[in-house]
Amino acid sequence: MNPPISRRTVTASLLAGAAALGTAGAAQALPAAGRPATGHGRPDAPTVVLVHGAFADGSSWRGVVQRLLRQGHRVLVPALPLRGLASDAAYIRSVLESVSGPVVLVGHSYGGAVISQAAAGLPQVRALVYIAAFVPEIGESALQLTDRFPGSTLGQATVTQYYPLPGGGRGEELVIRKDLFRNQFAAGVPVPTAQVMAAGQRPITLAALQEPATAAAWKKIPSWYLVATEDRNIPPAAERWMAERAHARTVSVRAPHAVSVSDPGPVTDLILRAVRSVRSGD
């Protein structure tokens, strides 16, 4: 039987946790991977690729996608496996390689670590946008980054589950207790929406959160960062520190970790800043 993991480990690991799910039916607004949805067609604009984090799926971007589509932008929302940093990044990289033209690549929470690795060396990725996200240096994991700063209250909200490994044995994955999900991840989101988010959350493996990054695309690609000042998962101090280290153009929003659900307007505005920068060549 696997030994229990410590509260410290669980707390840190869950900080990679992510965008909470949007409302039922959100998938209708989202394109399939490899097939960007288009609004009114803007041939000079980049494709916006939105990468969700743990405990979520593409519907966590619903409000953002709707706003981008209304303005005629191409949008792609791939489903992240949440099984391991290297494998998740390889999958997102394969999606990016299927997109024609420039890309603005956006990641929330654990998705930030994924885009930092996936975009390395891809010339079509012109901007990185981090939404309350991890921005690891080479050799850093999500756990190491969250251990740098106090402020998370996730330890008491976590549950460990086990899943079968392909070669035998069991792996550990993490979920959030449904009764604590709203207060911890999506404070301020309407209760019915938060209940859907909690019911549909997707677990992330502990191994993914412990895996060190092997690339840091933010060192060469211009970056933007949104700090969620009411985040109870990734401490806001950690978010500010990572944004400053990456020399990201940074905004702060009084919002929970699930900021793409609670405040899609400011999230969209920051993405559009990056889009405009790419279009103008800045």
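Predicted model: local features only at pLDDT ≥ 70, side-chain atom pairs only at ≥ 80, totals over all residues.
**Another charge over a ring**
I then checked arginine 148. Its charged end sits over the ring of tryptophan 241, and here the distance to the ring centre is 4.0 Å.

**Aromatic pairs**
Next I looked at rings that pair with other rings. The count comes to four aromatic pairs. I picked phenylalanine 55 and phenylalanine 185 to start with. Their ring centres are 5.8 Å apart and their planes meet at 80°, so I wrote the pair down as edge-to-face, given that the label needs over 60 degrees.

Where do phenylalanine 55 and phenylalanine 185 sit in the chain? Phenylalanine 55 is in the loop between β1 and α2, while phenylalanine 185 is in helix α6, residues 178-185.

Are they buried or exposed? Phenylalanine 55 has 0% relative accessibility, so I count it as buried. Phenylalanine 185 also comes out at 0%, so it goes down as buried too. I also noticed that ring pairs link Phe55, Phe181 and Phe185 into a cluster.

My next pair was tyrosine 130 with tyrosine 225. This one is stacked, with 6.2 Å from centre to centre and 20° between the planes. Tyrosine 130 lies in strand β4 (residues 125-131) and tyrosine 225 in strand β8 (residues 223-228), so the pair ties together parts that are 95 residues apart in sequence. I checked burial here as well, and both tyrosines are buried.

**Helix α2**
Which residues of α2 are buried? The helix covers residues 62-70, and I found Gly63, Val64, Val65, Leu68 and Leu69 buried. I wanted to know what they pack against, and the list is β1 (47-51), β2 (75-76), α10 (259-262) and α11 (264-280). After α2 comes glycine 72, and I noted that its phi is positive, near 85°.

**Proline 192**
Last stop: a proline in a helix. Proline 192 lies in helix α7, which spans residues 191-199. Is it buried or exposed? Its relative accessibility is 56%, so it counts as exposed. I also compared its position with arginine 182: they are 10 residues apart in sequence, and their C-alpha atoms are 10.0 Å apart in space.

Note on methods. Residues numbered from 1 in each chain as written. Heavy atoms only, no water. Buried < 20%, exposed > 50% of the residue type's maximum accessible area, 1.4 Å probe, protein only. Helix = DSSP H or I, 4+ residues; strand = E, 2+ residues; numbered from the N terminus. Contact = heavy atoms within 4.5 Å. Phe/Tyr/Trp six-rings, centres within 6.5 Å; stacked < 30°, edge-to-face > 60°. Lys NZ or Arg CZ within 6 Å of the ring centre and 35° of its normal.
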